[in-house]
Amino acid sequence: MNPHAPLRLVVPATLLDARAATERIVGLCDRFNTQDRADYATAVMEWLVNVVKHSYAHAPASEIRICAIAGPEAIELMVEDSGQGMAPWKFDAAPSALDFDATDITKLPESGMGLAIIKSVMDSVRYHSDCGVNRLIAVRRWQR
Amino acid sequence: MLMEDLSEAGCLVVSLKEKRLDAVIAASFREAMVARIDQGHRNIVLDMSQVSFMDSSGLGAVVYVLKHLGHTGRLHICGVTPGVMAVLKLTRMDRVFKTFDTRQAAIAA
């Protein structure tokens with residue numbers, strides 16, 4: 001049994017608040033080992049930063065709605081925003097920024113790695129936009 | 001953002017005195033490192049022993065620094081914590097950066 005109640009947050013869409021929200025969410029993750037916890041923290045931060053920097057790029061005074069539920073088998077995260085979002089097909093089909101030649105430093109990626117990290121860390125990720133609301137639902141099992 | 005510089009054996013050792021290298025401070029970190037390179041430092045050791053968390057924005061800034069140094073410079077990283085190593089492995093950048101357990105090993109390499 002996991003003693004944590006669902007965590008519901010409504011936070012301003014700023015990088016500092018994304019950082020603070022990530023720490024609150026990761027606070028639910030005491031069933032992860034150290035490595036999985038670090039990976040999960042990175043993935044959560046990646047998505048919240050993505051919302052702040054891209055979905056709300058032209059609407060800085062906005063908010064992000066978050067619900068995280070630590071269940072017996074997994075943690076489920078839902079993140080909603082009302083920004084410009086991205087086309088779901090684009091989310092699904094985004095090429096991995098991680099297919100690079102490690103010997104050619106001139107072509108190393110400096111950005112675009114966030115989605116690849118999220119897809120790698122989470123066991124399932126769904127993203128859709130409906131009626132002006134963009135919603136990410138990501139599930140990660142405690143043990144793989 | 002807190003950074004501490006030390007010159008040792010021809011290297012500039014830059015210690016990042018922050019717990020997080022993330023989107024919040026990535027731009028200021030990048031600018032501070034580029035300023036050091038533009039002052040003529042070509043042999044840099046980045047001590048990340050106090051950084052417990054890094055995201056892809058922070059990593060992107062480190063990649064930018066590596067590119068700014070180019071092939072004539074050298075960037076070694078020491079004191080890599082589990083949180084930083086997690087991102088290096090998730091992004092496969094562990095194939096790119098030379099990491100060392102200790103500052104002395106990074107300087108001597």
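Val10(A) touches Glu63(A) and Arg65(A), residues up to four places away in sequence not being counted; contact is defined as C-beta atoms, placed from the backbone, lying within 7 Å. The model is predicted, and local features need pLDDT of at least 70, side-chain atom pairs count only at pLDDT 80 or more, and totals for chains, interfaces and linings use all residues. Residues are numbered from 1 along each chain as its sequence is written, with chains lettered from A and ligands numbered from 1 in the order in which they are written. Val10(A) lies in strand β1 (residues 7-12) of chain A; helices (H or I, at least four residues) and strands (E, at least two) are DSSP runs numbered from the N terminus. Val10(A) is exposed, with 10 other C-beta atoms within 10 Å (exposed, 12 or fewer such atoms; buried, 20 or more; partly exposed, in between). Between Val10(A) and Ile66(A), 56 residues apart in sequence, the C-alpha to C-alpha distance is 6.2 Å.

In helix α4(A) (residues 114-121), 6 of 8 residues are buried, namely Gly114(A), Leu115(A), Ala116(A), Ile117(A), Ile118(A) and Val121(A). Their cover includes α2 (34-55), β4 (124-130) and β5 (133-141) of chain A, together with α2 (56-69) and α3 (82-90) of chain B. Helix α2(A) is also mostly covered, with 16 of its 22 residues buried.

Between the chains, 23 residues of chain A are in contact with 22 residues of chain B. On the chain A side, α1 (15-26), α2 and α4 each supply at least two residues, and α2(A) gives the most, with 9 residues.

Conventions. Two residues are in contact if their C-beta atoms, placed from the backbone, lie within 7 Å.
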